[in-house]
Amino acid sequence: MAAFNLTPSDPSPFILLGIPGLEAAHVWISIPFSMFYIIVLLGNFMLLFVVGKEETLHKPMYLLLCMLALTDIGTSTSVVPKALCIFWFNFKGITVGGCLTQMFFLHTVSIMQSAVLVTMAFDRYVAICNPLRYATILTNARIAKLGLAGLMRAVFFILPLPLLLSRQPFCANRIIPHTYCEHIAVAKMSCGDTTVNKTYSLVMAFVVIGLDLILVALSYGLIIRAVLKISSKKAYQKALNTCTAHVCVMMMSFTLFFFSTLTHRFGQSITPHVHIIFANLFFLIPPMLNPIIYGVKTKELRDKVVKYICRR
């Protein structure tokens, strides 16, 4: 992983311990981790391949699914390969620049994923509440612009984190009890005052994710109001069906995010290895299940996937 541009001059690396207290079980823990990661790559690349090959799927909803797949691949790939190196080969060292780079990409892609989920909620709102204008409101070009805006927002909010840490002096004890470079874990390695870092990261997480949750809740509040006015039972069921997959993905992603964030800052009573395992599963379980959920719940996508599988 390339070093971040602004890095401290001290070349001493950080040491990632993996899962403290379970070192003897690292090889066994790596088995489900590697299996989940393979499923993440296969499922999401299959989704990208099918949508890319089928022109009938070149629609806003499927472009959003591709964005979600890319963020899923990005988050899991930011964490799992290094974790497996620790589990299999005991490669625990990581340069300060490499650590800051990993942290930047990991958190940027996570914030980007939140923006994609908000856009998907808006997509469902337009599809149900204003179906006649759907094709004019949500074009492929507009979805691409929204995706670019989400990426720029993520970079804008996350970039200060590694920049601030790169200016900090780090202590001689550079052992991080984790499998990856999480911001607060790295900030604890500093001998300087990290109040600004910790406050900014906490406020940023809750303002950005909190705003996204409010927008998602608003979209679904309007959707529920529109659905309740539908008199036809068949249309009512169809409307609910279009939202089920997104609600499942959204609930899973945001719940695990807040659990991981809050326990890392305030969960001193939680056993460290329990927190670290859950933090890693946050980057594995949703990316693994997202393509499965959408593949099962979206008939058009499911039919195309089955067609390609049967052809092979």
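Two residues are in contact here when they have heavy atoms within 4.5 Å of each other. Keep that in mind as we go, and remember that this is a predicted model.

Begin with Met120. Select it and ask which residues it is in contact with, once its neighbours within four places in sequence are set aside.

Now widen the selection to the largest nonpolar core, which has 74 residues. Met120 is among the members that touch the most others, together with Phe14, Phe87, Ile176, Val186 and Leu301. Next, colour helix H3, residues 96-129: its 14 residues are the largest share of this core. Then pick out Leu106, Tyr180, Ala279 and Phe282, which are included in a second, separate core of six residues.

Time to zoom out. Switch to cartoon and you have twelve helices and three strands to look at. The radius of gyration is 21 Å, close to the 20 Å from the globule rule for 312 residues, so the protein is as compact as a globular protein of that length. Its C-alpha atoms fill a box of roughly 65 × 45 × 35 Å along the principal axes. Take the contacts between residues at least 6 apart in sequence: 81% of them join residues at least 24 apart.

Last stop, the surface. Buried residues account for 49% of the 312. The protein exposes about 15,300 Å², with 71% of that supplied by carbon and sulfur atoms. Finally, show the charges: 26 are positive and 11 negative, and their mean positions sit 8 Å apart.

How values were computed:
Residues are numbered from 1 along each chain as its sequence is written. This is a predicted model: local features need pLDDT of at least 70, side-chain atom pairs count only at pLDDT 80 or more; totals for chains, interfaces and linings use all residues. Side-chain values use heavy atoms; hydrogens and water are left out. Helices (H or I, at least four residues) and strands (E, at least two) are DSSP runs, numbered from the N terminus. The radius of gyration is taken over C-alpha atoms; the globule rule is 2.2 Å times the number of residues to the power 0.38. Buried means under 20% relative accessible area, exposed over 50%, partly exposed in between (1.4 Å probe, protein chains only). Accessible areas come from the Shrake-Rupley method with a 1.4 Å probe; for residues, only the protein chains shown count as cover. Lys and Arg count as positive and Asp and Glu as negative; His and the chain ends are not counted. The place of a charge is taken as NZ of Lys, CZ of Arg, CG of Asp or CD of Glu. A nonpolar core is a set of buried Ala, Val, Leu, Ile, Met, Phe, Trp, Tyr and Cys residues joined through side-chain atoms within 4.5 Å.
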